[in-house]
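Dear colleague,

Please find below the structure that I am passing on to you, together with its sequence. My notes on what was found in it follow directly after.

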Amino acid sequence: MNNFIKRFYIKELLISGGLLLTVLCKLIVAKGVGMFSHVELGRLVETFSVLTPALIVIALYYLMNELVNRSWNTKSYILIYLAIISVTIPIALISMAIDIRTINLANGIKSIFPFAFRNYLYVGVFFLGILTIPFLKKLIPATNGKMQFRVSTLSLAIGLISGVLLLNRPSISFLVWTIVACVSSLSLVKYDNQKRVLGIIAVIGFISLITIDTFSTIRFRISLTNNIMPFFALLFVKSTQRDDENIKKGAGIQGMILLPIILIFSNPLLLELCRNFFVGYFQTTTFGWLLFIGISAVIFVFVFSYSLSIERFVNSNTDGKQSVAGTVPLIISSVTLMYMLYNYSEFQALGFDAMIKQQNGRIYLAFLNLLIVVLWYLVVSTIINRFWISTTLFSVVMIGFSFANVQKIQYRNEPIIYPDLAMVKSLPEIIKMVNVQLIIGMLVGVVVLLIVAVILQRKIFKGKLFRIVPRIMTLLLSCLLLWQFSVVENQMNLNAWLNKKNDTSNPISNMIVTAGYTAHPENLGHNAQAYGPALVFTSTQIIKTMDKPAGYSQKIVDKVVSKYQKKANRLNKTRTNNDLSKQTVIYILSESYADPRRVPSVKLSSDPIPNMEQIKKQNTSGLMYSSGYGGGTANIEFEALTSLSMNNFDPSLVTPYVFLVPRVNNLPVITDLFSNKNAIHPYQSTTYDRGKVFKKFGFQSFHTLDNNNIEYKDKLGKSAYVDDQSAFDQTIKQINSVKGGQFIQLSTMQNHMPYNKGTYDANDFTVKANLDNSSINQIESYTQGIHYTDTSIKQFLSKVDKMKKHVTVVFYGDHLPGIYSGNAVNGKNANAVEGKLHQTDYFIHSNFPTRKVTNTKVVSPNMFTPMVLEKLNEKVSPYYALLTDVQKEVPAAELNKFMNKNGQLIDQKQLSNQSKRTLKDYKLIQYDITAGKQYSLKTKNFVK
């Protein structure tokens, strides 16, 4: 800092600022100067965009003028070359990480030998000039001042003439000016007597070229400025150069900072990356321009600081010292490589082409993922504060993390997420599942690398990375940003589940949404591949199961368990059956099934579900209060199977199948009451992680398309999904495959989105509604689908009724399709119709006489099992005695709201005192089982 204050870096700051300005103008030109209302302003921007050669020529002149006064040896050349690749290699890696289209061998080679870049040929000329310095240092003193003057003047003249002749070859003209700058800088002639004249000529030339370029329409106006401006730039430099410009020997190479600066601002990969960012995401609004200016300022500070670190590295080594500033390029390269490895681990089984196809062009998302990985490194490095140890440890962890990611995707088709870190205690068992020898080899390699890191830390780059204040600030800022990413993405998961729009007032949220991220907590594998693994990992960091009830303890839980043990004893005195496992109970989750006529203003040309209406009249039936709208199938299914309520969980627990079931054992499931239990889903077992969940729930078979054990696979029309008739036929086969009783979970697919016109061959229903036209078209197609379901369910029940074995069918729609949009449901009507958009149809049908169930008009899916037990006159355990009370007192609760028997939403304050007490007991037991110590499960037969 003292050195900076002492020298101020005036020339370097001006040149760096000028180069940044030219780059920004290039970006605006790429976006289109038509955004400006004045044509001249647009032309002025175009003019400034071609000043890069002039500024680079100035920088090279100053740099060569300084280098010629240095003592040169092999080490000097190596340091200059290291300075060059300290820019090109990190930039190439950053480009490959953010824009995967740039990942190729050619770009890798060019980063090591940057002279291979057409845009970097001037660097080759510069480096060749450096190689000739020892010879020129001997030659120059042998020539008189007059000869040097002639050489310098002649080189300027050659540059000017070539600039005019090469108007249609600006890149060649630039190379010529590079040579001119190098030759002219070697001259000891200072033009002392002509400084004022040169300065006036330079200023007049600059103004003239800018004026011509801005206000004229001549053919080569842009090329004229590009090719001729270096001439006036060199004249201006010579007019301002002082005799005492050079610093003393041993003080390092003054102006060395210019080399990384010009390399950064002229790097073709970086310029293309910036262009894609700007063209893709810049908005021509006041906020957009302010953000543009703010980001430009940050870039300027970063580029200048980075270049300063390279200068310090070169100068310290020139003077026989070491500086940790030289670690910055190594850090950037290491962190970027680790991110690329981490990202590719998502596609290891699919291959590089699959990664290109999935992430092609998603540069903003890749940038955010890389940013998160950088923040992880900053946390590690600020804590350890030593380069070799922190970088090696970080790299080892990322390599291990990527390896684990590959293994998990291979075996479970999902990426490593934050809750998986809790599995570290099961590491020995996990290791046994993979190649043990490979793991041992990796562990040995880790130990060796850490030992080498410790040794290197004592030999090279021995200093601390951060001083105390920057260290603390960097650590706090990194943790804060990571926390914000987690908070924002957690809320986005919740919004996706509740079908709400994301709030973009938060800058982090705005960035994530703008980048194109869409939360799909039910399919983390897809998310990780499409949006990047780091973003998905942070989205799972804040997962809370439930708030701990006040006074939670074993004593309180035992008291509640005792209460419902007594309740169960009283209920069981009135019930005669204790043979549920001998009966066949079928839960049918009918995808998106709900009568569209309940939605306000929707009128159909005819009744699409006459059979369903008749079935509901003859059986226990009503409306089901669904937590989902347009999605959330897994959560409704979870509630039906476990009798646990989503309403009791914390909102961050958006998908229990993903975030709860894998880490909690002994969840109460209806399958506990049966010896035989089987599931059918005519789709993929990986959706919502059902394959692993159902295995943990005790299902003995899971019939899905990817398991190749679905026999009936017919589809209707152009639909992509197996129809309900096939699903029901598969269920009939399953019923007949078991002699005794069993539990069957069927989750259908026929009525899944999309609902495009022409999906079915017939279109028997027309719709009138105060909704958007697109909604009306979708409703018509959807209605045709549920009409087919109506026919299929009648045929299915007809077959069931003819069976001798006792069969009970619980049929329910999981949620409404997300197709209702328009005046009737939006705006001022949104609150009034909210309840209607969460009401589906259900019924419970048995092929033998059963008891009547009360309080069934509106229920939540977690009430189905206690209702079945009551209908079948089955004895209950304390757990289901509690649920029976809930069903009588608070049968419909979702989304932190309650629904009365008339289907109207009510507040918790409107519940009776008895209902509140029952709900309190329910929450206590649910917390104990899912987030507490499971005291209740220690009571024998509490669930079964």
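A salt bridge is taken here as a side-chain nitrogen of Lys or Arg within 4 Å of a carboxyl oxygen of Asp or Glu. The model is a predicted one: local features need pLDDT of at least 70 and side-chain atom pairs count only at pLDDT 80 or more, whereas totals for chains, interfaces and linings use all residues. Residues are numbered from 1 along each chain as its sequence is written, and side-chain values use heavy atoms, with hydrogens and water left out.

**Salt bridges**

The structure contains 19 salt bridges. In one of them R275 pairs with E272, with the closest N and O atoms 3.2 Å apart. Both residues belong to helix α14 (residues 268-281) and are three residues apart, about one turn of the helix; helices (H or I, at least four residues) and strands (E, at least two) are DSSP runs, numbered from the N terminus. An α-helix has 3.6 residues a turn, so residues three or four places apart point the same way. R275 is partly exposed at 31% relative accessible area, and E272 is likewise partly exposed at 38%. For these classes, buried means under 20% relative accessible area, exposed means over 50%, and partly exposed lies in between (1.4 Å probe, protein chains only).

A second pair is formed by D689 and K692, with an N to O distance of 2.3 Å. Here D689 is buried, having a relative accessible area of 7%, while K692 is partly exposed at 27%.

In a further salt bridge, E711 and K733 have their closest N and O atoms 2.2 Å apart. This pair links distant parts of the chain, 22 residues apart: E711 is in the loop between β5 (701-703) and α31 (724-736), and K733 is in helix α31. E711 is partly exposed at 45%, as is K733 at 39%.

**The chain as a whole**

The chain has 36 helices and 13 strands. Its C-alpha trace spans about 120 × 65 × 50 Å along the principal axes. Of the 944 residues, 54% are buried. Taking a contact as heavy atoms within 4.5 Å, residues 24 or more positions apart account for 78% of the contacts with a separation of 6 or more.

The chain exposes about 42,100 Å², and carbon and sulfur atoms supply 60% of that area; accessible areas come from the Shrake-Rupley method with a 1.4 Å probe, and for residues only the protein chains shown count as cover. The chain carries 96 positive and 56 negative charges, whose mean positions are 8 Å apart. Lys and Arg count as positive and Asp and Glu as negative, with His and the chain ends not counted.

**A nonpolar patch and an enclosed helix**

I468, V469, I472, M473 and L476 make a nonpolar surface patch of about 530 Å². Such patches are made of residues with over 30% relative accessible area and no salt bridge, nonpolar side chains (Val, Leu, Ile, Met, Phe, Trp, Tyr) being joined within 5 Å and like charges within 9 Å. I468 is in helix α22 (residues 468-498) and is exposed, at 55% relative accessibility.

Helix α34 (residues 864-871) is largely enclosed by the rest of the structure, because eight of its eight residues are buried. Among them are F864, M867, E870 and K871. The helix is followed by N873, whose phi is positive, near 60°.

S792, in helix α32 (residues 773-801), is buried at 6% relative accessible area. Leaving aside neighbours within four places in sequence, S792 is in contact with D724, Q725 and F728.

**Backbone geometry**

Most residues other than glycine have a negative phi, and most peptide bonds are trans. M753 and P754 are joined by a cis peptide bond, with omega about 0°, and P754 lies in the loop between β6 (742-747) and β7 (767-768). S601 has a positive phi, near 80°; S601 is in the loop between β1 (584-590) and β2 (603-604) and is partly exposed at 31%. N855 also has a positive phi, of about 60°. The loop between β9 (839-846) and β10 (858-859) holds N855, which is partly exposed at 29%.

With kind regards

Terms used. The place of a charge is taken as NZ of Lys, CZ of Arg, CG of Asp or CD of Glu.
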